[in-house]
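Student: I would like to learn how to read helix packing and strand pairing in a model. Could we work through an example?

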Amino acid sequence: MSSAPFPFTAVVGQDDLRLALLLNAVSPAVGGVLVRGEKGTAKSTAVRALSALLPEVDVVPGCRFSCAPAAPDPSCPDGPHEAGGAASRPARVVELPVGASEDRLVGALDIERALAEGVKAFEPGLLADAHRGILYVDEVNLLHDHLVDVLLDAAAMGASYVEREGVSVRHAARFMLVGTMNPEEGELRPQLLDRFGLTVEVAASREPRRRVEVVRRRLAYEDDPAGFAARWAGDEQEVRAQVIAARALLPRVVLGDNALLQIAATCAGFEVDGMRADIVMARTATALAAWDGRTEVVKADVRRAALLALPHRRRRSPFDAPGLDEDKLDEILDGFPDEEPDPDPDPEPEGPDGGEGDGGDGPDGDGGGVPPQAEGPDSGTEDSGAEDDGPRQDPAGPPAEEPAPARAESRGDGQDPAQTDAQADAPEQAAVRACEPFRTKMLSVPGLGEGAAGRRSRARTAHGRTTGSVRPRGHLTKLHLAATIQAAAPHQKARGRTGRGLLVRGDDLRQATREGREGNLVLFVVDASGSMAARQRMSAVKGAVLSLLLDAYQRRDKVGLITFRGAGAELALPPTSSVDAAAARLERLPTGGRTPLAAGLLKAREVLRIERLRDPSRRPLLVVVTDGRATSAGALGGDPRAVAARGARLLAAEGVASVVVDCEAGPVRLGLAGVLAADLGGPAVSLDGLRADSLAGLVKNVRTSVASHAPLSSNRRAA
């Protein structure tokens with residue numbers, strides 16, 4: 001028997017989160033909530049608890065698609081429905097697992113029965129279950145791209161379409177989309193980000209007493225879930241009654257011209273793309289007025305709506321932190337006169353006063369009207385800090401005030417006289433900012449992979465162009481119709497076919513094989529030694545790596561960052577899907593010391609070995625950013641250049657696809673990066689040659705053959 005869910009009103013703090021969820025409960029047209037925050041901050045607990053506060057749903061008895069009795073879906077696969085009967089059920093919170101298949105999400109058609117019997121045998125998916133309820137996606141930022149596309153289509157059209165080789169099914173799919181994510185694990189695609197009506201940032205409280213209360217409530221709940229839920233039943237019922245009353249009041253709320261002008265001015269002032277933000281703000285402000293028991297939208301509603309609806313719509317790149325400048329917001333709204341309160345408002349909806357809590361945890365009247373909370377020893381959930389730590393700030397420090405003296409590059413022997421002992425052993429220099437990123441050429445891994453769907457290298461995928469057919473292993477997902485007919489045709493006489501229909505059996509079915517693109521693990525190995533320390537040079541190097549990180553974000557890659565300088569190499573960022581975390585580490589990267597190139601290569605080999613065990617199907621792409629100098633062998637001993645060459649050849653022997661970004665500058669160049677590229681079995685690309693416009697969009701494949709990739713000459717780079 002399942003235990004009672006944790007009560008929504010028992011969540012400690014997290015006022016913005018609870019308010020955003022309640023506004024969607026009042027007005028599902030707001031468009032859902034995206035909850036961003038660190039681990040253990042009651043994100044999932046609050047979302048799962050919301051269903052207990054939602055009114056029951058009237059449905060047609062026996063309909064698997066939750067049609068409303070008053071207005072059944074005319075295209076419902078279980079229809080047509082006769083007028084009359086109705087049944088009620090609790091509102092659902094349907095969870096979409098990150099690893100779910102497309103058939104699990106949209107539903108599955110029995111292709112064999114469709115071909116042999118002409119029957120549309122359809123098994124509903126999670127979208128059908130979530131109709132008129134909540135679709136909850138935990139770790140939504142880790143969802144596969146093809147599932148994201150399906151979600152976007154269903155959210156935009158309010159319906160789900162399933163098509164398999166000419167057999168199609170459509171059903172209604174209108175739901176509140178709620179997603180939670182940890183930004184450290186990667187950001188969302190902009191298209192999906194914009195589909196969430198509201199967004200809130202959550203963080204653990206730093207106030208000891210509040211943390212103690214969180215622990216108390218959690219332990220009390222785990223000791224006796226039913227008893228704990230019973231103690232909060234009164235508060236739950238009050239908030240549920242307030243949700244129902246606010247829903248009833250919502251159609252009578254007036255959104256005046258002045259409020260609309262405030263909304264439009266706010267969205268224009270923050271340069272928000274498109275018109276969805278204006279519409280979401282209008283719906284949110286109306287829901288806020290109804291939640292507070294008013295029939296007219298006022299300036300305070302517009303301000304609170306902006307804080308919930310705009311932060312995630314202002315990002316211009318994946319490296320921008322979401323957030324809203326509240327001083328600028330106040331400046332925009334101060335240009336409008338304050339409204340006079342309605343002297344004779346409609347009676348407030350039944351339920352508690354949404355503005356204050358009975359134990360001090362709830363906010364004041366301006367805090368958003370979240371449900372009351374009672375402080376007590378018998379209470380608990382995951383930590384849910386009430387303080388708003390504000391938007392994440394750019395971790396990059398300010399640029400250095402004084403540029404380092406320029407150093408002339410000159411040709412010399414293997415030790416490079418241009419790098420003097422004084423330069424090599426120079427003290428650590430402060431980090432410099434990266435130059436503006438640019439669009440890079442596409443670098444891809446050769447061959448045909450089978451990794452997670454992405455946009456970089458060729459791979460066998462569930463989506464893409466059809467390249468052939470095979471016998472299905474397990475459940476058939478993509479029918480190859482021509483191959484199926486070809487397999488069944490020779491057996492028609494033996495099977496006693498007499499009519500026009502084709503007699504198809506299970507062993508005739510053929511699965512389509514498809515080729516698309518996969519995401520790779522792009523591991524950056526960046527030279528941060530003294531030879532890279534010239535200010536403009538390091539700024540250009542960081543700009544190039546930042547550009548490659550942006551490209552990795554767009555192509556759905558995992559990224560990692562290794563730096564080497566001084567006595568060894570450091571894994572600055574283990575492989576992750578969060579390219580903005582890599583960008584932050586890169587921005588803080590200092591320079592100085594000797595060049596232990598071999599240490600950097602061997603560290604990369606070790607990281608790739610471990611990642612190969614964790615995710616064998618994800619192929620790596622090694623990007624070494626250096627001028628090719630090697631002045632220190634570190635603990636390995638011996639000649640630095642020879643040790644580095646051995647490390648490079650080890651990576652090449654293991655089949656690691658590599659590319660060297662040559663950072664050497666000046667009129668006279670040593671060409672050491674090209675030698676390193678030959679040892680790695682990959683190409684060398686200059687910083688200028690990395691730009692997409694430098695080769696008119698030419699796609700550069702990374703080869704593993706040393707013979708086919710000698711160091712690029714200046715003529716070849718310009719070709």
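Tutor: In this predicted model, helix α11 passes helix α14 in a right-handed crossing.

Student: How are two packed helices described in general?

Tutor: Two packed helices are described by the angle between their axes and the distance between the axes. Here the axes of α11 (residues 257-269) and α14 (residues 326-333) come within 10 Å and cross at roughly 140°.

Student: Which residues in α11 and α14 meet?

Tutor: From α11, Gln 262, Ala 265, Thr 266 and Gly 269 take part; they meet Lys 328, Leu 329, Ile 332 and Leu 333 of α14. By class, the residues of this contact are four nonpolar, three polar and one charged.

Student: Now the strands. Is β17 mostly covered or mostly uncovered?

Tutor: Strand β17 (residues 558-565) is mostly covered, with seven of its eight residues buried.

Student: How many bridges join β16 to β17, and how many pair β17 with β18?

Tutor: Strand β16 (residues 521-527) runs parallel to β17, and seven bridges join them. With strand β18 (residues 568-576), β17 pairs in the antiparallel sense over six bridges. There, Arg 565 has Gly 568 of β18 as its bridge partner.

Student: What do β17 and β18 form, and what is the phi of Gly 566?

Tutor: The two strands form a hairpin with two residues between them. Gly 566, in the turn, has a positive phi of about 65°.

Notes. Residues numbered from 1 in each chain as written. Predicted model: local features only at pLDDT ≥ 70, side-chain atom pairs only at ≥ 80, totals over all residues. Heavy atoms only, no water. Axes fitted to C-alpha atoms, helices over the stretch in contact; angles between N-to-C directions. Helix = DSSP H or I, 4+ residues; strand = E, 2+ residues; numbered from the N terminus. Left-handed = near helix turned anticlockwise from the far one by under 90°. Contact = heavy atoms within 4.5 Å. Nonpolar A, V, L, I, M, F, W, Y, C, P; charged D, E, K, R; others polar. Buried < 20%, exposed > 50% of the residue type's maximum accessible area, 1.4 Å probe, protein only. Pairing = 2+ DSSP bridges.
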